[in-house]
Amino acid sequence: MSNTIFVTGATGNVGSQVVQQLIASGITPRVAVRSLNKAESLQKAGAEPVEMDLDRLETIQPAFTGVDKVFLVSPFVPNMVELTAILVKAAKQANVRHIVKLSALAQPGIALSKWHEEMENAIAFSGIPFTFLRPNGFMQNFATAMAETIKADNAFYLNAGEGKVSFVDTRDIASVAVAALTTSGHEGQSYTITGSEALSHSQAAAILSQVLGRTINYVDVPEDAVRQGMQGAGMPEPTVNALLELYASYKARQAAAVSPVVEQVTGKQPISFEQFVKDYAEVWK
Ligand SMILES: NC(=O)c1ccc[n+]([C@@H]2O[C@H](COP(=O)([O-])OP(=O)(O)OC[C@H]3O[C@@H](n4cnc5c(N)ncnc54)[C@H](OP(=O)(O)O)[C@@H]3O)[C@@H](O)[C@H]2O)c1
């Protein structure tokens with residue numbers, strides 16, 4: 001029987017960390033890539049790149065041939081539910097034995113949670129054993145989506161009020177994923193994954209300021225301003241609406257609960273926000 005672990009979204013926030021950690025533990029993961037230059041660096045790092053572009057359906061089934069386990073990332077696009085259904089079908093056809101799916105924190109009444117729930121249901125319905133990872137907001141969003149204005153204006157702009165969020169480092173999510181892919185006892189589990197404390201965006205700004213040695217401000221802006229910013233960046237309408245709902249849920253303090261899963265599954269304390277900022281300090285220079 002094949003032992004091949006296939007990582008989709010391998011160049012993304014979480015998938016790239018899953019790939020690194022699998023390689024560090026002596027495993028050669030198969031990794032999905034859309035572009036050849038990314039394939040080269042992943043191959044050098046010790047992975048087996050395979051071309052898979054969800055917009056070119058003919059590339060999907062071949063990528064799954066001989067695969068035993070999958071780390072499944074659904075790109076955050078308006079048709080993510082449909083694309084994931086195609087991936088699940090390909091996994092079923094390839095007799096995959098375990099899917100570890102990156103979902104999101106389950107929250108009542110928001111589209112993002114509903115979409116992830118639909119995708120989880122498709123996996124459960126397929127009969128393939130699964131583990132669902134449901135992380136809260138990534139700390140790394142401060143180093144990606146928010147990095148530009150932090151660098152340019154020493155500020156980030158959001159409509160999350162003072163609601164606290166138990167942000168989680170993607171390296172911790174990856175550690176839970178790698179445990180689920182390589183050790184037993186995780187099938188049928190749904191893991192809520194958070195950091196060890198909940199922080200408001202003002203508190204996050206204070207930690208950024210203290211570690212980076214300059215003042216970084218969180219500016220709580222009206223929802224319309226955030227909407228215009230996202231529209232201006234070319235984001236599709238369903239994505240804009242889903243993110244605004246998510247930030248409103250932060251404001252309504254629905255994302256503050258802390259879960260013990262990282263420590264329970266990996267034996268390590270979750271990475272703190274302060275440590276995250278120290279590790280990524282170069283990004284905001
Ligand atoms: N950000 C958060 O705070 C947060 C929190 C909880 C859950 N989530 C969930 O996390 C998931 C996203 O994970 P992520 O942030 O690790 O990913 P990401 O950084 O957004 O990267 C997306 C990955 O998917 C690949 N991809 C995108 N479109 C593709 C296509 N058409 N065909 C093939 N590959 C494609 C990208 O490849 P390229 O490099 O080629 O573009 C990349 O590897 C979403 O489902 C989101 O709901 C996010």
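Start by selecting the ligand: 25 residues surround it, and the closest are Thr 11, Arg 34, Leu 54, Ser 74 and His 116. A residue belongs to this shell if one of its heavy atoms lies within 4 Å of the molecule. You are looking at a predicted model, where local features need pLDDT of at least 70 and side-chain atom pairs count only at pLDDT 80 or more, while totals for chains, interfaces and linings use all residues. Residues are numbered from 1 along each chain as its sequence is written, and side-chain values use heavy atoms, leaving out hydrogens and water.

Colour the shell by class and you will find eleven nonpolar, ten polar and four charged residues. Here Ala, Val, Leu, Ile, Met, Phe, Trp, Tyr, Cys and Pro count as nonpolar, Asp, Glu, Lys and Arg as charged, and the others, Gly among them, as polar.

Next, show the side chain of His 116, where a polar atom lies 2.8 Å from an oxygen atom of the ligand. Move to Lys 38: an N or O atom of its side chain is 2.9 Å from a ligand oxygen. At Asp 55, a side-chain N or O atom is 3.4 Å from a nitrogen atom of the ligand. Polar contacts like these are pairs of N or O atoms within 3.5 Å.

Phe 142 sits in the loop between β6 (130-135) and α6 (147-153), and Phe 156 in strand β7 (residues 155-158), 14 residues apart. The whole structure holds eleven aromatic pairs.

Methods. A polar contact is a pair of N or O atoms within 3.5 Å; within protein, one must be able to donate a hydrogen and the other to accept it, and residues adjacent in sequence count only if both atoms are side-chain atoms. Rings of Phe, Tyr and Trp (its six-membered ring) pair if their centres lie within 6.5 Å; planes under 30 degrees apart count as stacked, over 60 as edge-to-face and the rest as tilted. Helices (H or I, at least four residues) and strands (E, at least two) are DSSP runs, numbered from the N terminus.
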